[in-house]
Amino acid sequence: MNDIKIKIIDREGVIHEVDAPTDMNMNLMEIVRSYELAPEGTIGICGGMAMCASCQCYILSNHELPKMSYDEDLMLSEAFNVKENSRLGCQIFIKEELNGLEVELAPEV
């Protein structure tokens with residue numbers, strides 16, 4: 001099992017450095033939920049289908065991320081508090097290349 005380190009700033013501004021497994025096909029939203037970094041029922045409401053934007057986050061580091069899918073782009077076009085570095089956590093899968101990733105959870109709407 002290979003874990004990577006990810007730095008997540010929660011909605012209260014608290015910084016968490018967490019271990020994320022690369023061998024379980026997890027996404028960033030699932031990592032946030034597994035570490036309980038957002039109150040239950042406030043993140044991943046759609047179950048990771050890119051249909052609600054509750055897992056929107058801001059990418060703070062310069063990691064190369066997979067290209068945004070049409071569904072993710074469409075969802076972010078309708079979301080609140082969107083910035084140029086916004087992505088949906090459910091669409092960012094944990095891979096070794098993301099070691100050291102830094103993100104901030106977008107405010108709850």
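Good morning. I begin with a cysteine pair: the sulfur of Cys46 lies 3.7 Å from the closest cysteine sulfur, that of Cys52, which is too far for a bond. A disulfide here is a pair of cysteine sulfur atoms within 2.5 Å. Cys52 is accordingly in no disulfide, and a search of the whole structure returns 0 disulfides.

Please note that this is a predicted model, in which local features need pLDDT of at least 70 and side-chain atom pairs count only at pLDDT 80 or more, while totals for chains, interfaces and linings use all residues. Residues are numbered from 1 along each chain as its sequence is written, and side-chain values use heavy atoms, leaving out hydrogens and water.

Buried means under 20% relative accessible area, exposed over 50%, and partly exposed in between, with a 1.4 Å probe and protein chains only.

I turn now to Glu72. Glu72 belongs to helix H2, residues 70-78; helices are DSSP runs of H or I with at least four residues, numbered from the N terminus. With a relative accessible area of 1%, Glu72 is buried.

What is Glu72 in contact with, leaving aside its neighbours within four places in sequence? The partners are Ala50, Arg87, Leu88 and Gln91, where contact means heavy atoms within 4.5 Å. Ala50 is 22 residues away along the chain, yet its C-alpha atom is separated from that of Glu72 by 5.6 Å. As for Leu88, the side chain of Glu72 reaches its backbone nitrogen at 2.8 Å. Thank you.

Conventions:
Helices (H or I, at least four residues) and strands (E, at least two) are DSSP runs, numbered from the N terminus. A polar contact is a pair of N or O atoms within 3.5 Å; within protein, one must be able to donate a hydrogen and the other to accept it, and residues adjacent in sequence count only if both atoms are side-chain atoms.
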